[in-house]
Amino acid sequence: MVFRKPPDGGWGWVIVAVSFFTQFLCYGSPLAVGVLYLEWLDAFGEGKGKTAWVGSLANGIGLLASPVCSICVSSFGARPVAIFSGFMVAGGLMMSSFAPNIYFLYVSYGIVVGLGCGLLYTATVTITCQYFDKHRGLALGLISTGSSVGLFIYAALQRELIELYGLDGCLLIVGALSLNILACGSLMRPLESSSSPPPEKACADKVPDQYFVYHEKEKTIEENISILEKGYIDEKCVNNVPDCKQDSILNKNVLTSININEKDTYKKKVVEQTNFCKQLAKRKWQLYLTYWKETMVLFKNKVFSALFVAILLFDIGGFPPSLLMEDVARSANISEDDYYMPLISIIGIMTTVGKLILGILADFKWVNTLYLYVTTLIMTGVALFAIPFAKSYLTLAMLSGILGFLTGNWSIFPYVTTKTVGIEKLTHAYGILMFFAGLGNSLGPPIVGWFYDWTQEYDTAFYFSGFCVLLGGFLLLLAALPCWNACTNQSSKLPPNSYSYKVASNA
């Protein structure tokens with residue numbers, strides 16, 4: 001497949017629109033799962049920690065399986081993966097409406113829906129990057145807001161659907177809405193040029209026909225020779241019997257030698273194929289060794305190591321509010337009459353604002369992106385510490401807005417990763433960091449739920465969450481504080497595979 005130069009417009013804006021709606025439709029319910037969490041607590045009567053696994057798996061499994069998702073999109077293309085994943089998300093949501101217990105939800109909602117969302121995220125980002133080069137940042141920023149807008153709308157939508165049709169009806173309707181992903185996926189036209197196929201492929205396509213023509217010619221010649229030889233032998237047999245016997249013996253010897261040569265040729269081919277398989281396995285093994293060596297080199301960079309710890313702790317402590325904030329309000333005995341807007345909706349809309357504002361700030365040369373990211377981590381930790389003191393809807397709404405805005409630091413995380421390891425190692429490093437982010441998403445809500453089951457209150461749980469985020473922020477600050485300029489000056493003395501962080505203002 002021959003790809004054209006990214007058009008930076010045209011059909012690319014259709015791709016941006018359908019990618020936005022794809023993330024809106026697939027991530028709306030998993031991110032707003034806090035509304036469903038309350039209903040599952042009442043329906044199945046399980047502990048908060050065990051029930052929280054459903055939402056944490058739905059949001060974390062896609063990040064954990066990001067390498068597999070990338071392989072699928074690279075192998076089959078964005079359009080087929082998007083259509084197939086649309087069936088996964090819709091089917092998982094509809095199956096969840098028939099869940100007899102919490103363990104069924106682990107598979108239907110947690111794994112099936114979560115994996116479908118991970119595949120759709122990879123497909124939308126990949127095809128958007130193919131269509132855009134100069135305006136790639138703007139395009140990616142627009143499609144990333146789809147999940148935040150989905151969180152804002154689905155939080156209120158699912159609450160209304162539960163009141164009208166119950167939990168099962170809500171999941172069926174939301175699953176039916178997710179079928180619109182199929183229409184969006186069908187519009188993800190691959191960027192290719194079908195007018196001039198690559199010469200290698202054309203030659204490869206011609207090989208079978210050439211082979212069959214040659215094989216037929218060879219077969220015809222062999223048949224003609226055998227007919228002539230048979231006629232010649234029959235004629236000699238009629239005229240002279242001894243010569244006939246001698247020629248037949250000679251022909252047998254010739255056929256025997258031909259069979260022996262064929263066996264030798266077959267053995268040689270088997271040996272060659274065996275050697276090829278051994279060489280291929282050896283090359284693959286060398287690639288795996290190279291991958292792990294490069295991974296170890298990345299962890300020798302102290303800023304990258306601190307970044308990996310920070311993203312893990314941030315997701316363990318910072319993700320639970322988006323899942324548990326509604327239950328926090330119910331535990332604080334806040335009346336539903338005081339609700340002007342679901343707290344999860346506030347988190348969703350402020351996350352969108354945070355992504356845009358923090359992304360704009362990161363583009364200024366005088367703003368250091370790593371310091372900006374550390375600042376968001378420290379402020380998130382402080383806001384988590386303040387949640388146990390919030391006893392009214394107004395204070396919880398303000399804290400939800402602050403946490404949502406600070407969660408928008410996902411938009412500047414690629415900037416920080418690029419400055420830490422370099423653009424040539426961004427894909428490798430970002431994949432590793434996203435894996436640990438998914439691990440944090442999966443573990444955070446169950447840990448907070450277990451704290452509640454143990455203490456019967458959320459205070460200790462959010463103290464723990466705030467401590468995790470603050471610890472990650474301070475570790476990252478300490479790793480980057482000892483002078484980036486000094487690290488820059490020493491970068492020439494480092495081995496070729498080592499990386500140092502440069503100050504954003506010098507970029």
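Biologist: How much accessible surface does the protein have, and what share belongs to carbon and sulfur atoms?

Modeller: In this predicted model, the accessible surface is about 26,300 Å². Carbon and sulfur atoms hold 66% of that area.

Biologist: What percentage of the residues is buried?

Modeller: Buried here means under 20% relative accessible area. Of the 507 residues in the protein, 45% are buried.

Biologist: How many helices and how many strands are there?

Modeller: The count is 19 helices and zero strands.

Biologist: What share of the contacts joins residues 24 or more positions apart?

Modeller: Take the contacts with a separation of 6 or more; residues 24 or more positions apart account for 83% of them.

Biologist: Which residues have the most contacts inside the largest nonpolar core?

Modeller: That core has 120 residues, and the ones with the most contacts inside it are L36, Y109, L343, Y373, Y458 and L476. At least three of the core's residues come from domain 1 (1-193), and at least three from domain 2 (301-483).

Biologist: Which residues does L343 touch?

Modeller: Leaving aside residues up to four places away in sequence, L343 touches M325, E326, A329, Y393, L396, A397 and S400.

Biologist: What is the mean pLDDT, and where is the pLDDT below 50?

Modeller: pLDDT is the predictor's confidence in each residue, from 0 to 100. The mean for the protein is 77, and 73% of its residues reach 70 or more. Residues 194-225 have pLDDT below 50, and this stretch has two contacts in the model beyond near neighbours in sequence. Residues 484-507 also have pLDDT below 50, and there the model has 43 contacts beyond near neighbours in sequence.

Definitions and conventions:
Residues numbered from 1 in each chain as written. Predicted model: local features only at pLDDT ≥ 70, side-chain atom pairs only at ≥ 80, totals over all residues. Heavy atoms only, no water. Helix = DSSP H or I, 4+ residues; strand = E, 2+ residues; numbered from the N terminus. Buried < 20%, exposed > 50% of the residue type's maximum accessible area, 1.4 Å probe, protein only. Contact = heavy atoms within 4.5 Å. Areas by Shrake-Rupley, 256 points an atom, 1.4 Å probe, with all protein chains shown as cover. Core = buried A, V, L, I, M, F, W, Y, C linked by side-chain atoms within 4.5 Å. Domains from an automatic or database assignment.
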